Amino acid sequence: MNVSENGEHSRQNEADDREKVMKILRDTISKDDKDWESLWKQNISPWDLGMPTPALKQELIQYTDGDLGRALIPGCGGGYDLVTLVEHKKMNGGSSDIVGLDISETCIEKTKRVLKDSPNVSIDDVTLVTGDFFDFEYKEPFDFVFDYTFFCALPPRLRSSWGSRIGELVRKKSGRLLTLIYPINDETASDYAKLTGPPFSVSLEEYSKALSPHGFVLDRVDKSSASVSKRAEHEMVAWWTKND
């Protein structure tokens, strides 16, 4: 077998492995759409980049001024983006809470390890909550919320409920929501009966339908030059402000 054939064989194996992982993911969530714990226990997390989201870092540098205030990442995954928020807070002299939320205890344990292993960051810099996004308890509204691979993980029937809950969580008049919209497919995102996932196809329109009834206004939407290459064609950045 020559080098070209070896490469082709390796790519086919990777594709086969990914297909198996996605089947386990979708079979598990189709039986119980809250059973993310069993997936984390099996180390099945294809949505996890294994590093901070580059687009988040870029957006915070370019489109925020100083401390983010009280911040939340629902579905915080491995915790890499929490590291980015902590670094941003320390660079800007912030003192407000940063909260990472996930329904999986195994996921939260991984987040603790990631925080512990990150330079200049400690577990004490973040409040970690194991709980359900739709009913977890919180002290006060948030000034900043980041959504990435969370909205698309929810069954589409819950999108309006997601918008309502985000409306409760984000502070009135001044709170901001940053959404990294992925995976975009404008043709299929609204056809709930035919959607398969997770991840379920999304669109800017689907986000807007969920958010606009709860006082959110779209401030900016664009492609990000910092998107990871394998997702760049299927995602965009959108900033929203809660005006009431």
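Colleague: Which residues line the largest cavity?

Modeller: This is a predicted model, in which local features need pLDDT of at least 70 and side-chain atom pairs count only at pLDDT 80 or more, while totals for chains, interfaces and linings use all residues. Residues are numbered from 1 along each chain as its sequence is written, and side-chain values use heavy atoms, with hydrogens and water left out. On a 1 Å grid over the protein atoms alone, a cavity is a set of points where a 1.4 Å probe fits but cannot get out, and lining residues have an atom within 4 Å of a point. By that criterion the largest cavity is lined by Asp-67, Leu-68, Gly-69, Ala-71, Leu-85, His-88, Lys-89 and Ile-98.

Colleague: Which element supplies the largest share of the lining of the largest cavity?

Modeller: The lining of the largest cavity divides into four nonpolar, two polar and two charged residues, where Ala, Val, Leu, Ile, Met, Phe, Trp, Tyr, Cys and Pro count as nonpolar, Asp, Glu, Lys and Arg as charged, and the others, Gly among them, as polar. Helices are DSSP runs (H or I, at least four residues), as are strands (E, at least two), numbered from the N terminus. The largest share, three residues, comes from helix 4 (residues 80-91).

Colleague: How much space lies in the largest pocket?

Modeller: A pocket is an open set of grid points with protein on both sides within 12 Å along at least five of seven lines; points are joined across faces, edges and corners, and a volume is the space filled by probe spheres set on them. The largest pocket is lined by 46 residues, of which Trp-47, Tyr-148, Thr-149, Phe-150 and Ala-153 lie nearest its centre, and the lining divides into 28 nonpolar, eight polar and ten charged residues. The space in the largest pocket is about 920 Å³.

Colleague: Why is the pair of Tyr-138 and Phe-142 tilted?

Modeller: Rings of Phe, Tyr and Trp (its six-membered ring) pair if their centres lie within 6.5 Å, and planes under 30 degrees apart count as stacked, over 60 as edge-to-face and the rest as tilted. The structure holds twelve aromatic pairs, among them Phe-133 and Phe-134, which are edge-to-face at 5.1 Å centre to centre with 80° between the planes. The ring centres of Tyr-138 and Phe-142 are 6.1 Å apart and their planes are at 35°, so the pair is tilted.

Colleague: Is Thr-53 buried or exposed?

Modeller: Thr-53 is found in the loop between helix 2 and helix 3 (54-63). Not counting residues up to four places away in sequence, Thr-53 touches Asp-81, Tyr-148 and Leu-180, contact meaning heavy atoms within 4.5 Å. Buried means under 20% relative accessible area, exposed over 50% and partly exposed in between (1.4 Å probe, protein chains only). At 5% relative accessibility, Thr-53 therefore counts as buried.

Colleague: Which residues does His-214 contact, leaving aside its neighbours within four places in sequence?

Modeller: The place of His-214 is in the loop between helix 7 (204-211) and strand 6 (216-222), and at 24% relative accessibility His-214 counts as partly exposed. Once the neighbours within four places in sequence are left aside, the contacts of His-214 are Ser-160, Gly-163, Ser-164, Gly-167, Lys-242 and Asp-244.
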